[in-house]
Amino acid sequence: QVQLVESGGGLVQAGGSLRLSCVFSGRTFSSYGMGWFRQAPGKKREFVAGISWSDITYMADSVKGRFTISRDNAKKTVYLQMNSLEPEDTAVYYCAADPRRAMVTTDSPFWGQGTQVTVSS
């Protein structure tokens with residue numbers, strides 16, 4: 001069974017940076033689409049970034065130029081580097097994995113427990 005464990009969240013001032021990590025437990029990490037979603041209080045979960053098994057990346061418009069997603073297949077880990085953080089980025093960030101799709105969606109079967117990111121103004 002696949003398990004995902006996120007880390008790296010915290011409190012940061014606007015303009016600061018954080019790097020989130022998601023460690024994958026299970027087999028064949030390299031064949032999974034991976035990605036990040038976030039959910040702010042009172043809002044729906046939204047897509048942030050995705051990376052396919054062939055390292056093709058896709059970013060939400062709201063984070064383009066500020067966030068970067070990457071993966072290390074040897075470490076079975078996906079990263080989300082977040083720069084120039086804004087208060088609007090405050091949310092719980094979730095890692096997702098999908099063995100059937102190159103890009104994760106809200107229908108992807110595997111999710112982490114989430115890590116809180118709070119950006120103060």
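**The disulfide and beyond**

Mentor: In this predicted model, Cys22 and Cys95 form a disulfide, with their sulfur atoms 2.1 Å apart.

Trainee: Which parts of the chain does the pair link?

Mentor: The pair links distant parts of the chain: Cys22 belongs to strand β3 (residues 18–25) and Cys95 to strand β9 (residues 91–98), 73 residues apart.

Trainee: How many disulfides does the structure hold?

Mentor: The structure holds one disulfide.

Trainee: And are Cys22 and Cys95 buried or exposed?

Mentor: Both Cys22 and Cys95 are buried. The link of Cys22 and Cys95 is left-handed, with -80° about the S-S bond.

Trainee: Let us turn to the aromatic residues. How many aromatic pairs are there?

Mentor: The structure holds six aromatic pairs. One of them is formed by Tyr32 and Phe110, whose ring centres are 6.3 Å apart.

Trainee: Why is the pair of Tyr32 and Phe110 called tilted?

Mentor: The planes of the two rings, Tyr32 and Phe110, are at 50°, so the pair is tilted. Planes under 30 degrees apart would count as stacked, and planes over 60 as edge-to-face.

Trainee: Where do Tyr32 and Phe110 lie in the chain?

Mentor: Tyr32 is in the loop between β3 and β4 (33–39), while Phe110 is in strand β10 (residues 110–111). The two residues are 78 residues apart, and the pair links distant parts of the chain. Tyr32 is buried, as is Phe110.

Trainee: Which residues form the aromatic cluster?

Mentor: Phe24, Phe29, Tyr32 and Phe110 form one aromatic cluster.

Trainee: What sits over the ring of Phe29?

Mentor: The charged end of Arg71 sits over that ring, 4.5 Å from the centre of Phe29. Arg45 lies over the face of Trp111, at 4.9 Å from the ring centre.

Trainee: Now the strands. How does β4 pair with β5?

Mentor: β4 and strand β5 (residues 46–51) pair in the antiparallel sense over five bridges. Trp36 has Ala49 in β5 as its bridge partner.

Trainee: Which residue takes a positive phi in the hairpin of β4 and β5?

Mentor: Gly42 does, with a phi near 80°; that hairpin has six residues between the strands.

Trainee: How many bridges join β5 to β6?

Mentor: Three bridges join β5 to strand β6 (residues 57–59), and the two strands run antiparallel. Ile51 has Thr57 in β6 as its bridge partner. In the hairpin of β5 and β6, there are five residues between the strands, and Asp55 takes a positive phi near 70°.

Trainee: Stepping back, what does the secondary structure of the protein chain come to?

Mentor: The protein chain comes to zero helices and 11 strands.

Trainee: Why does the radius of gyration of the protein chain agree with a compact globule?

Mentor: With 121 residues, a compact globule would have a radius of gyration near 14 Å, and the protein chain has 13 Å, which agrees. The C-alpha atoms fill a box of roughly 40 × 25 × 25 Å, taken along the principal axes.

Trainee: What share of the residues is buried?

Mentor: Buried residues make up 44% of the 121 residues in the protein chain.

Trainee: And what about contacts between residues 24 or more positions apart?

Mentor: Such residues account for 57% of the contacts in the protein chain with a separation of 6 or more.

Terms used:
Residues are numbered from 1 along each chain as its sequence is written. This is a predicted model: local features need pLDDT of at least 70, side-chain atom pairs count only at pLDDT 80 or more; totals for chains, interfaces and linings use all residues. Side-chain values use heavy atoms; hydrogens and water are left out. A disulfide is a pair of cysteine sulfur atoms within 2.5 Å. Helices (H or I, at least four residues) and strands (E, at least two) are DSSP runs, numbered from the N terminus. Buried means under 20% relative accessible area, exposed over 50%, partly exposed in between (1.4 Å probe, protein chains only). Rings of Phe, Tyr and Trp (its six-membered ring) pair if their centres lie within 6.5 Å; planes under 30 degrees apart count as stacked, over 60 as edge-to-face and the rest as tilted. A charge sits over a ring if NZ of Lys or CZ of Arg is within 6 Å of the ring centre and within 35 degrees of the ring normal. Two strands pair if DSSP finds at least two bridges between them. The radius of gyration is taken over C-alpha atoms; the globule rule is 2.2 Å times the number of residues to the power 0.38. Contact means heavy atoms within 4.5 Å.
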